[in-house]
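Dear colleague,

Please find the structure below for your review.

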Amino acid sequence: ADDAAHTAPTPLVAAPFDELAIDPSWRQLIDLPRATCPSCHSKRKFLCGKCRCVVHDDILPPVVDLPIDCHILHWHSESYAKSTALHCKVLAPKRTTLIDINHETELPAYDPETTVLLYPTEDSVLASSLDLSKVKTVLFVDSQWHSSKMILRMPGLKNVPHVKITNQVTRFWRVQTISENCLATIEAIYYFFREFTEGVVPPPNYDNLLYYFKLQHYIVQRAYELNRKVFPRKPEYILNPTHAPELVPQTTKRTRDEADDASGTDGADKRNLKIRKRMPKTAFGT
């Protein structure tokens, strides 16, 4: 973990994550059974969304040191079982704050001189152009697209300037139809900090922000490869498909269950997710 923390970040390549300095301990989690959360006693795969903690305390994740405060605005109707925002809270606990919001939430009085909101609007400026000495807090939206518009209209965000990152291709397994540049929340957070600290010497490394994302990506890939199934709505998503005549564009129940395991979803969560499965996904996290 120490070697990964001090290694300069490397660009993503065609095989995602292979060239990133991500702590290798994620491999120890791949085939572990669900464990009991020490706080609420729920059975979870890797993380407990309710308690915002790991459930396998014998394999602790790396800790990422962020340069500024990271506040994630999580829309109340979104399930933490589907959200990658939880990854950031667990991996960078000192600087990350998860804020559950709804229509009536009164947000903190953010100072527009020291706060920015990652959201692509006409007035957005690139994260790489920001003054590192002035920005103290960055806000991220964790919701679906239709909810993100409501969040932007909240009074507490009215005067907060917007920033954006350069276009990146998502590797998120929850397919949306808006654009391949619509990222999962943890992807957006990762790319923001890479670009925000561009030019800093020595270059900080935020690769471990993708620790759980890489783990989940691997499990989803493996589930579809082993079951020789085409990924729904995005056949090219699977990196090493089994080229067999019986490949068909649907999933089996086993495949769906293994993919859900990658997110730590259990029975109650699955029933709740069925209600929203046809809704468009967000650019900043589901």
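Arg95 is partly exposed, with a relative accessible area of 31%; buried means under 20% relative accessible area, exposed over 50%, and partly exposed in between (1.4 Å probe, protein chains only). Its partner in a salt bridge is Asp69, with the closest N and O atoms 3.0 Å apart; such a bridge requires a side-chain nitrogen of Lys or Arg within 4 Å of a carboxyl oxygen of Asp or Glu. The pair links distant parts of the chain, Asp69 in strand β5 and Arg95 in the loop between α2 and β6, 26 residues apart. Asp69 is also partly exposed, at 26%. Helices (H or I, at least four residues) and strands (E, at least two) are DSSP runs, numbered from the N terminus.

The model is predicted: local features need pLDDT of at least 70, side-chain atom pairs count only at pLDDT 80 or more, and totals for chains, interfaces and linings use all residues. Residues are numbered from 1 along each chain as its sequence is written, and side-chain values use heavy atoms, with hydrogens and water left out.

The structure holds 3 salt bridges. In one of them, the side chains of Asp31 and Arg222 meet at 2.8 Å, N to O. Asp31 lies in the loop between α1 (2–5) and β1 (35–36) and Arg222 in helix α5, so this pair ties together parts that are 191 residues apart in sequence. Asp31 is exposed, with a relative accessible area of 60%, whereas Arg222 is partly exposed at 22%. Another bridge joins Asp100 and Arg52 (2.6 Å, N to O).

Which helix is largely enclosed by the rest of the structure? This is α4, because 11 of its 12 residues are buried. Among the buried residues are Thr185, Glu187, Glu195 and Phe196. The elements covering them include β5, α2, β7, β9, β10 (162–164) and α5, where contact means heavy atoms within 4.5 Å.

Yours sincerely
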